[in-house]
Amino acid sequence: MNENIKRAAEDIVKAGKKKVLALTGAGMSVESSIPPFRGKGGLWEKFNPEEYAHIDTFRKDPGKSWSMLKDLLDVILKAEPNPGHYGLAELEKMGYLSCVITQNVDGLHQRSGNREVVEFHGNNQWVICLDCHKRYEIATVFPLQEIPPRCKDCGGNKLKPDAIFFGEMIPPEALSRSEQEANNCKVLLSIGTSAVVYPAANMPEIAKWNGATVIEINPEKTPFTFQISDYIIEETVGHAMPQIIAEIKKLTG
Ligand code: NAD
Ligand code: ZN
């Protein structure tokens with residue numbers, strides 16, 4: 001077994017109840033068949049998300065954004081949580097995990113059973129009409145009848161998923177809760193994130209300044225590795241997380 005898996009289990013147990021924080025990125029859901037932006041294959045070779053999912057593009061030409069959203073929602077709405085998600089849900093049930101801060105918009109942490117989830121970038125379970133501000137469940141417009149879909153109330157064509165687009169602000173309450181959690185934790189698990197998207201990438205830095213142990217779970221090294229992280233478990237999260245849980249159980253009987 002990877003030595004760092006044992007070490008992570010020991011650090012989590014030592015940290016104590018509600019002292020572990022997880023920060024997750026697109027890599028968390030790769031084993032649920034949702035490709036990351038920078039990954040090979042799939043969606044993002046067809047669409048540059050920074051263009052198609054930019055708020056200015058959406059306001060000018062919602063149909064262009066929806067041509068990407070259609071494919072993205074198709075993938076996201078079919079996805080199921082993977083063993084990594086279930087491991088984090090178990091870590092919360094055991095009492096160690098205070099919260100998951102996620103940059104993902106797929107809702108898979110809640111689906112796997114985590115209750116304390118901060119969504120930095122919102123999610124795709126709802127759409128909001130930018131004209132009349134009515135909110136609909138995604139299931140009421142998806143699968144799409146037309147592109148872009150129309151608001152059933154006012155007939156406008158600016159139904160936007162309740163996720164944060166490029167060029168939009170992070171919800172202030174998500175940001176302040178995350179900073180508070182990062183200040184409070186003794187262990188931060190940075191999972192499947194390349195640590196280049198701010199302000200999410202600030203959280204491991206805040207935790208580190210406050211003396212927390214920062215552990216990465218990522219099959220590839222990131223800008224954090226050796227600068228911010230204390231160590232990295234170079235495996236996929238679906239492989240690493242169940243082993244960490246098993247080790248914690250061994251340690252705690
Ligand atoms: P990113 O670059 O931070 O994520 C990819 C990282 O995950 C890489 O470092 C990669 O090495 C790692 N990774 C790949 N497979 C992994 C696995 N099985 N286990 C652990 N780590 C793995 O993120 P991005 O793709 O540039 O996305 C940028 C933003 O877009 C983020 O906010 C992200 O959350 C969001 N996004 C969300 C989803 C989703 O909701 N599932 C999908 C794509 C992008
Ligand atoms: Zn409307």
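Reader: Let us begin with C185: buried or exposed?

Author: C185 is buried, because its relative accessible area is 5%, and buried means under 20%, exposed over 50% and partly exposed in between, with a 1.4 Å probe and protein chains only. Please note that this is a predicted model, in which local features need pLDDT of at least 70, side-chain atom pairs count only at pLDDT 80 or more, and totals for chains, interfaces and linings use all residues. Residues are numbered from 1 along each chain as its sequence is written, chains are lettered from A and ligands numbered from 1 in the order in which they are written, and side-chain values use heavy atoms, with hydrogens and water left out.

Reader: How many disulfides does the structure have?

Author: Searching the whole structure gives zero disulfides, a disulfide being a pair of cysteine sulfur atoms within 2.5 Å. For C185, the nearest cysteine sulfur is that of C99, 10.0 Å away.

Reader: Which cysteines coordinate the zinc ion (ligand 2)?

Author: C129, C132, C151 and C154 each coordinate the zinc ion (ligand 2) through SG, at 2.3 Å. Donors here are N, O and S atoms within 2.8 Å of the metal (3.2 Å for Na, K and Ca), and water is not among the atoms, so sites may look incomplete. Along the chain, the donors follow the spacing C-x2-C-x18-C-x2-C. C129 in strand β4 (residues 122-129) and C154 in the loop between β5 (135-137) and β6 (159-163) are 25 residues apart, a pair that links distant parts of the chain. Helices (H or I, at least four residues) and strands (E, at least two) are DSSP runs, numbered from the N terminus.

Reader: Why is the arrangement around that zinc ion (ligand 2) tetrahedral?

Author: The four donor atoms subtend angles of 106 to 115°, which makes the arrangement tetrahedral; four donors count as such if all angles lie between 85 and 135 degrees. The ideal angle for four tetrahedral donors is 109.5 degrees.

Reader: And how accessible are C129, C151 and C154?

Author: C129 is buried at 0% relative accessible area, and C151 is buried at 3%. C154 is partly exposed, because its relative accessibility is 40%.

Reader: Changing topic, where does α4 bend?

Author: Helix α4 bends by about 25° at M68, the bend being the angle between axes fitted to the seven residues ending there and the seven starting there. The helix covers residues 62-78, 17 residues in total, and reaches 23 Å from its first C-alpha to its last, close to the 24 Å expected. That expected span is 1.5 Å times one less than the number of residues.

Reader: What do its buried residues pack against?

Author: The buried residues of α4, among them W66, M68 and L69, pack against α2 (49-52), α3 (55-60), β4 and β6. Contact means heavy atoms within 4.5 Å.

Reader: Where are the cis peptide bonds into P143 and P148?

Author: The F142 to P143 bond is cis, with omega near 0°, and the I147 to P148 bond is cis, with omega near -10°. P143 is in the loop between β5 and β6, and P148 is also placed in the loop between β5 and β6.

Reader: One last point: what is the phi of F226?

Author: Phi of F226 is near 75°, a positive value in a residue other than glycine. F226 sits in the loop between β8 (213-217) and β9 (231-233) and is exposed, with a relative accessible area of 66%.

Notes: Tetrahedral: all angles 85-135°; square planar, octahedral: opposite > 155°, others 65-115°.
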